[in-house]
Every structure is written in structure tokens, then in C-alpha cells.
Amino acid sequence: MAPPRNRRPGFSRRAQYTLFIGYVVAVAGSLVGAVLLALATLDPPAFAALRATLAEVTTPISSGVAGAGRGLAAIPQGVSDYIAVHDENEKLHKQLDDAKALLMRARAISYDNRRLRTLLGLRERITDAVVTARLVSSTASSTRRFAVLNAGSWQGVKKGQPVRGPEGLIGQILEAGPNSARVLLLTDPESQIPVRRTRDGMPALAIGRGDGLLDIKSANSTAADFLPGDVFVTTGTGGVYAPNIPVAQILRHMRGDAGLARSFAQPDTLDFALVQQAFMPVAPALPPGTTP
Amino acid sequence: MSAPLKGAYDDEPAIGWRKAVPAATIMLGSLITIWPMVASFPFLPPFGLLLLLGWRLARPGVLSIWAPLPLGFFDDLLSGQPMGSAVLLWQLCFIGIDLIDQRLVFRDFWQDWLIAAGSIAFCLIAGRLVATPLGAHVDTVLLLQIMVSVMLFPLAARLAVWLDRRRAVE
């Protein structure tokens, strides 16, 4: 079908002007778009308020649909649980016996650890949980990795707070609206988290790749070798993440002194997310006239 | 279909209705991202863009030349791309398609599909370049995303045609 030749809408001046103004608006609008894009690239939180406003509307819809989905998904699980419960019981008893021995050893070590820490005069900062909420949706068609949390500043969520799941670190709050917040997942290409290896304390950076995995890059200049199974936890450097939150486990060593790793927290399970206080929030500026 | 279709010489539908249906379907396409799942890589095609191209190519003249501005703005609020990227890229696609309209007046569906494929690839690749640092490992996934989106374009075009016909019945 030939498109209607609406470039010359006839002899009506009005129609011609309308068409012309349409083109002017289109070109001017794309320039405005370019300016917006430049602004957003230079100052990413510039449009946080607009996004948060829309997220306020969409978050309840997402959590409602997710709730209905969970209810339906629980039915087959319930049936198979009922059948498998006997085997499960035997297995758990055996596990319990194994764990008892380990527990006794861990108790002894923990006692030693406590004593040594007191000896060192180490002061542990307790990081309190702000709120427990769910991740309800994400940017599934974009190359950036953001998720929406269904709790916001009314629940005490603030920009910069770390978010963790039951298994490990999920990310960091990027923008907080009244009742919803945007989370920068640790797999986002712009997320960098200081970590250390549990085995020997080697410092490294966990950098998101954008495809669901992480690159672990050694912070030392020396050649580091990453073995599959190496576990990395947060260091507490930078003051955002509390120390010793599990972050990732190495899958394999890669060229250029990097390790390919998978994060412990798998946010795609739509599990609970725990928002914590920033480990050491930036101190408020001193009032003028005071000397520290 | 029970209700009779309107012919070429019947009155056009009311202006509000004529503009509302395409805009609403495209906005619904952008709203797909609020479906409750947390993706660890970009696997959803950009439904907003697909439907926009579907409407533009299957039913030229329904959307004004400046229609991508508000629709792209709405998509930017939801998609996670930096604000203004869809506004700019979608509008550039529209201007490009308008230029092609002057050169290639009589087209068949395959040519429309080719134009849509070019537009989708342009929007996704340019969007990746502005949103994500160059070193990120998203290119393989992006290629898959482009292929899936291009394959889905006929569906979007069919949907636009079907809705347009329903609209004519009202």
C-alpha cells in the first residue's frame, strides 16, 4: 500500500502550517532529547524525581502480580514437599549429626576470636537493618541492571544504602522515592565494590559485567591467580558496605589478572532484600567556626 | 466480525480515539518492564519501540511526526536507559523513515521489515553505547536481543493493523 502523500495536504494554509509545525517540533524535540541525554549522562540522578514518581504507580502493580504468581507457584511445591518429606527427614537427621561436630569446633573458634578482638580493642560497628522488602521489577530490556524495591523513604530507605539478600550482597540504593526505590545491582557495568578474598585477604574490586556475572580484578599490581571456588566478601572500604558480606565466588581465571565470578545473591529469585544502614555514612559538614 | 467495517468514504473516527489507541498500545509496550521479575541480563525486546515502528510502518499517517517525543519520554522513565535516549533515538528513526517514505513510495512488507530491522538495530546499539561503558560484556546478549526484536516486528505490525481495523468499527 502506498503511504498517503500527506506532505502536501492541499491548498489549505492551516493544514500546511500544521504539517510544517509538526516537522519543526520533531526536529526541536530531538535536539531537546539530545540535551536531556547529555544531562543524564553527566549527572545520572538528574531525573530521579520523575522516575520515582512513575515508580510509585508501577510498584504496587508489580508487587500485586508477583504476589499472585507466588501463590500459584506454591501449589506444586506444596504437593512435592508432602511426598518427599520422609526422605528429607532422614537426610536432615544425618546432616544435623554432622553439623554438631562442626558447631562445637566453631564455638571454640568464635570464643577465641572474641577474646582476641577484645585484646586488640577492635570496635565492631553494628549495621542495623532499615527495612526488609522485595525487589519487584527490573530493567529487563536495557543493558543497565537496575531493580525496583517496594520500599522507599517513608520506610527509611535513603540513597547509598547497601541492599543484601539472604545469600549475599545485591547492590546499593541509587534513588529513593516515597514508597519505592531504585537499586543498582552489583552486576551492573557501572557497579564497583571493594572486596577481599576470604582465603588470604587479598584486596580486589568486583566489577559488574552486565551479563549477570562479575569480573574480579586484583587491586595489587602483582599477578594474582584466581582459583575456582575462591570466595570474596566486602571489605568495608569506602564506607558503604559493611565488612564480610558475601559477594561472589570465582568460576574461572581469565586473561589479564581477572577472575570471572558469580554473585552469591541471585536477585532473579525475587526473594527478600534487606536494606541496611550505610556502614559509615558521610559525616555532616561541620558548622563554620568549629575546629575539629 | 459482526459489526460492519467502515468504508473508505465513511467518517473518520473521533480525533481523541484515533490518537489514543496507538499511544496507549505503545505505552503498554513500554510498561512490560514492570512485570515482576528481576533480570540479570537484557532479555526482553523493547516492546515500546516495536509497537511504535509497527504503527508507523503498517499504518503511516496515524502517528504524527513528533509522536516519539512524548512516547520516548515515557519509555525513558521506565526502561532504565539514561533520560532522553529514547526521545532522541526514536525521533531520529521517525525522521529517517519519513525520508525513506519520499524515496520509496511503493513498498511491500519485506521492505518495511528491513526498515524496521535497521531502526531497531540503530536504537538498541546506540542506546547501549550511551548507557553502558564500552568494556561491559553485553554485546552478545545485545545481538540476541536485536535478533529477537527483529523477528517480533511482524507481530507488532499485525497488532497495529488489527487494532486499526477494530478502531474503524467503533
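The model is predicted. Chain A holds 2 helices and 12 strands, and chain A and chain B bury about 4,500 Å² between them.

**Make-up of chain A**

- Read from the N terminus, the elements of chain A follow the order α-α-β-β-β-β-β-β-β-β-β-β-β-β.
- Chain A has 292 residues, and 37% of them are buried.
- The accessible surface of chain A is about 17,300 Å², with 62% of that area on carbon and sulfur atoms.
- Counting contacts in chain A between residues at least 6 apart in sequence, 57% link residues at least 24 apart.

**Contact between chain A and chain B**

- Chain A gives 53 residues to the contact, and chain B gives 53 residues.
- Of the area of about 4,500 Å² buried between chain A and chain B, 67% is on carbon and sulfur atoms.
- There are 14 residue pairs in polar contact between chain A and chain B, counting pairs with both residues at pLDDT 80 or more.
- The interface of chain A and chain B has 0 salt bridges by the rule used.
- On the side of chain A that touches chain B, the elements giving two or more residues are α1, α2 (48–120), β1 (129–138), β2 (146–149) and β5 (181–185).
- Helix α1 of chain A supplies the largest share of that side, 12 residues.

**A nonpolar patch with residues from both chains**

- A nonpolar surface patch of about 590 Å² is formed by A:Y17, A:F20, A:I21, A:V24, A:V25 and B:W66.
- One of these residues, A:V25, belongs to helix α1 of chain A, which spans residues 13–42.
- A:V25 counts as partly exposed because its relative accessibility is 35%, and partly exposed covers the range between under 20% for buried and over 50% for exposed.

**Two further residues of chain A**

- A:I170 sits in strand β4 of chain A, residues 169–176.
- The relative accessibility of A:I170 is 6%, so A:I170 counts as buried.
- A:I170 is 23 residues from A:A147 in sequence, and their C-alpha atoms are 10.0 Å apart in space.
- A:D112 is part of helix α2 of chain A.
- A:D112 has a relative accessible area of 39% and is therefore partly exposed.
- Between A:D112 and A:I250 there is a C-alpha separation of 30 Å, and these residues are 138 residues apart along the chain.

Methods:
Residues are numbered from 1 along each chain as its sequence is written. Chains are lettered from A and ligands numbered from 1 in the order in which they are written. This is a predicted model: local features need pLDDT of at least 70, side-chain atom pairs count only at pLDDT 80 or more; totals for chains, interfaces and linings use all residues. Side-chain values use heavy atoms; hydrogens and water are left out. Patches are made of residues with over 30% relative accessible area and no salt bridge: like charges are joined within 9 Å, nonpolar side chains (Val, Leu, Ile, Met, Phe, Trp, Tyr) within 5 Å. Accessible areas come from the Shrake-Rupley method with a 1.4 Å probe; for residues, only the protein chains shown count as cover. A salt bridge is a side-chain nitrogen of Lys or Arg within 4 Å of a carboxyl oxygen of Asp or Glu. Helices (H or I, at least four residues) and strands (E, at least two) are DSSP runs, numbered from the N terminus. Buried means under 20% relative accessible area, exposed over 50%, partly exposed in between (1.4 Å probe, protein chains only). Contact means heavy atoms within 4.5 Å. Buried area is the accessible area (1.4 Å probe) that two parts lose on being put together, summed over both. A polar contact is a pair of N or O atoms within 3.5 Å; within protein, one must be able to donate a hydrogen and the other to accept it, and residues adjacent in sequence count only if both atoms are side-chain atoms.
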